[in-house]
Amino acid sequence: NYGMVLPRLAQAALSGREMIIHDDGKQSRCFAHVADVVRVVVEMMHSPKAIGQVFNIGSDQPISILDLAHAVAAAVPTEPKIQ
């Protein structure tokens, strides 16, 4: 299955399993919190200026998958291994 990298890393870390990184982990992604995305969508629904326009409401701050795994590992009480 494609995607779901953050939930998979978090689930592995919380259950004490190894967090598996594919390739070298240098692939980068941008993440956004769902509450932020919903807030912007609702604001755009009420803005006449948004009609017919295209907006990128995601983040513009990429993080590598390996750095994401390290951040997840630092957020749990145990230190899960990263493979």
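P7 counts as partly exposed because its relative accessibility is 42% (buried means under 20% relative accessible area, exposed over 50%, and partly exposed in between, with a 1.4 Å probe and protein chains only). The model is a predicted one, where local features need pLDDT of at least 70, side-chain atom pairs count only at pLDDT 80 or more, and totals for chains, interfaces and linings use all residues. Residues are numbered from 1 along each chain as its sequence is written, and side-chain values use heavy atoms, with hydrogens and water left out.

P7 sits in helix α1 (helices are DSSP runs of H or I with at least four residues, strands are E runs of at least two, and both are numbered from the N terminus). Now look from P7 to M44: they are 37 residues apart along the chain, and their C-alpha atoms are separated by 28 Å.

## The two sides of α1

Which residues of α1 are buried? They are L9, A12 and A13. These residues cover an arc of only 100 degrees around the axis, so they end up on the same side of α1 (the arc is that of the directions from the helix axis to the C-beta atoms).

The buried residues of α1 pack against α3. Just after α1 comes G16, with a positive phi of about 80 degrees.

## How α1 meets α3

Helix α1 spans residues 5-14 and helix α3 spans residues 65-75; they pack at an angle of about 40 degrees, with their axes 10 Å apart (axes are lines fitted to C-alpha atoms, for helices over the stretch in contact, and angles run from 0 to 180 degrees between N-to-C directions). That makes α1 oblique to α3 (angles under 35 degrees count as roughly parallel, over 145 as roughly antiparallel, 65 to 115 as roughly perpendicular, and the rest as oblique).

So who touches whom? On the α1 side there are V5, L6, L9, A10 and A13, and they meet I65, L68, A69 and V72 in α3 (contact means heavy atoms within 4.5 Å). By class, this contact of α1 with α3 has nine nonpolar residues, no polar ones and no charged ones (Ala, Val, Leu, Ile, Met, Phe, Trp, Tyr, Cys and Pro count as nonpolar, Asp, Glu, Lys and Arg as charged, and the others, Gly among them, as polar).

## S64 in strand β2

S64 belongs to strand β2, residues 63-64. Is S64 buried or exposed? With 15% relative accessibility, S64 counts as buried. Leaving aside residues up to four places away in sequence, S64 touches G25, K26, Q27 and S28.
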